[in-house]
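Dear colleague,

Please find the structure below.

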Amino acid sequence: MAKLTIDGKEIEVADGTRLFDACTLARGEALPHFCYHPDLSVAGVCRLCQVEVEGMPKLTIACNTTVRDGMVVHTKNERVRKAAQQVLEMHLINHPVDCPICDQAGECGLQNQYMEYGLYDSEVEEADKVNKKKAQVIGPQVILDKERCVLCSRCVRFCNEVTGTGELGIYNRGDRAEIGTAPGIELDNNYSLNTVDICPVGALTSRDFRFQKRVWMLKSTESICTGCATGCNVRIDHEAGRIYRLKPRRNAEVNGAWMCDKGRMTYKGVHDEKRLLSPAAGGERLTWADAGQKLAAIAGAGVGLYVGSAHQTLEELWLLRRAAAGAPVSGGLANADRGQADALLLDADRTPNRAGLSLLGVGEDEPAQLAERIRKAQGAVVILGGDPAAEPAVAEALGGRTVVYVGTHRNATAQLATLALPGATWAEKAGIMVNRQGRLQELRQAVARAGDAREDWRILAELPAVRGDAPASLRALRQAAGADLGLDLTNLPASGLAPAGAAAPKTGGDA
Ligand code: SF4
Ligand code: SF4
Ligand code: FES
C-alpha cells in the first residue's frame, strides 16, 4: 500500500494505483481530463490533468504517474489551475464553439472544464481559426465534426483496443492534425456508438440522437438492455413518455462500460406503430371490462396449455406457472430469437430471460413439439409474450383454437388470437431478468404504458387459479416468487444478484 497526501488529505491506496485515480478518491471528483479513460491505455496527450508533486521541478500529468509512498500532491493550487487554463486555451484555439447547435452541449467536457478552469477572454480571432470538415458521416451510426475534436485519441484507442477493428486514426500534424477514417473505411462495428459516449466533446455524435433533444431535458432511468442474454446495464434517457436513447451503465461484472449498437436501438420497439394498444377480439377493439369478462369465460371453460416466452420477466413467468395450476406449461420456442454472437458482449440468444425459464424449470419446445402440444391441449391456449405463431407449424396448430395472447405488438400470434390483450414493453414495467451468467438484474419502468397496455402480471392475475389470491403489488408478487425459489427478490444488489459460480465478466471499467 502507498500512503500519500493530496491537497492536505492523507489517503492510502494500493501500490501501482494511477495518481489520477488516487486524486479522484481524495478530491471526490476527477481531475480535468480529456484523454484518460480507465478502460483504455494511457495516452497522456491532452495535458489537462497536470498536478504538482512536491520534489518534482515541473508539473506532471496524473494519468501517467503511478503513486509512490510519501508523495505530497497539490491539485488545486494557483500553479495547477493556471496550467489547466493554459491547456484549455490551447484546446480552444481552433474550436468552433458552436455549442448552441452541438448535441454534446450540456454533457461536454470542454464546456464543463471551461466553466471550472477557463473563463478567460479569448485572444483568437474567429477568422484565424483553422477550419476543418464538419458533419461528416463516417459510419452507419456516427457523424464526425473534425473542428470540435480535441485529439484525445480515446476513440482511436477504443477501436484498437476494445473492438480491435482499428477504423479510426489521427492524420497530419500540428494544427492540421485531425481524426478520421482511412479512405474507403467506415466506422462500422457493432460497438461504434461507444466512441460517441467516450468522446469528451461533440466531435463524434450519434446519427440516431442527432438534434432530437437537448440533453438537459432528459430524465434517466437505470435499467437493463433486453436485446440479448447478456443483459447489459443501461440508462434509459427519456422525456414526456418518449425514449430518446440508451446509454451503457457501468457494471464490471456484466458489460464493463460498453453496450452494443443493436441493443441501443431496442428502444424503438417501445414506440413502434405496430404496438398492440387495446384489448381486441376478432379484430374488434374491446374495453378492459369486456375483455376481462371474455377472459374469465375462456379460462372458466378450461385452458389446456400455457405458453410463456424468454422475453417475459421472472415474476410474470412464475405467475404464469402458478396460473396453470398443474396444466401443461411451455416456455415457448427454443429456436426463436437467435442471431450471431460476437466476441465482446452480443449473445446469440436474443432474449433477456432464457435463464429465468430454466430457473423456474420451464422447458422450451421446438416448433414441431409445440405444435403437437397445442393439438393435444384440452381447452384454450394462453400465450404470454413472444410470437410463436411466426413459426408456420405453430400457426397451423393454433388455427381454429381458442387462443388468448398477452403481448406488446400486432404480430402473427396477435392476429390469430381469439382474445389479444396489450401487455407492457420492457421500458414500461419493472421486473427481474436472469442473464446468461444466471445473474438476476432489475428492469425498471422508464415511461408510461402506451394506450391501454397493462402490466402483464396484472393481466395474469385475472386468471381463475390466481384471482382469489392475486398479489396486491409487484413487490408482493416478488416476495411470493422469491419465497418459492429460495431467493430474496425484493433486495437485489445494484450489480445484480450473482449466482454461485457465475461466469467471469469479459470487460471492466468506467465511463
Ligand atoms: S473524435 Fe472525440 S474521442 Fe476522438 S480524438 Fe477527437 S475528441 Fe477524442
Ligand atoms: S450485448 Fe445484448 S444486452 Fe448488451 S447492449 Fe447488446 S443487445 Fe443489449
Ligand atoms: S488526462 Fe492526463 S494527459 Fe490527458
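**Surroundings of F34**

Not counting residues up to four places away in sequence, F34 touches C46, L48, L88, H91, G109, L110, Q113, V150, C152, R154 and P200, where contact means heavy atoms within 4.5 Å. This is a predicted model, in which local features need pLDDT of at least 70 and side-chain atom pairs count only at pLDDT 80 or more, while totals for chains, interfaces and linings use all residues. Residues are numbered from 1 along each chain as its sequence is written, chains are lettered from A and ligands numbered from 1 in the order in which they are written, and side-chain values use heavy atoms, with hydrogens and water left out.

The C-alpha atoms of F34 and C152 are separated by 5.9 Å, although the two residues are 118 apart along the chain. F34 counts as buried because its relative accessible area is 0%; buried means under 20%, exposed over 50% and partly exposed in between, with a 1.4 Å probe and protein chains only.

**Surroundings of K213**

K213 is also buried, because its relative accessibility is 18%. Not counting residues up to four places away in sequence, K213 touches L218, E239 and Y244. The side chains of K213 and E239 are joined by a polar contact of 2.8 Å (a pair of N or O atoms within 3.5 Å; within protein, one must be able to donate a hydrogen and the other to accept it, and residues adjacent in sequence count only if both atoms are side-chain atoms).

Yours sincerely
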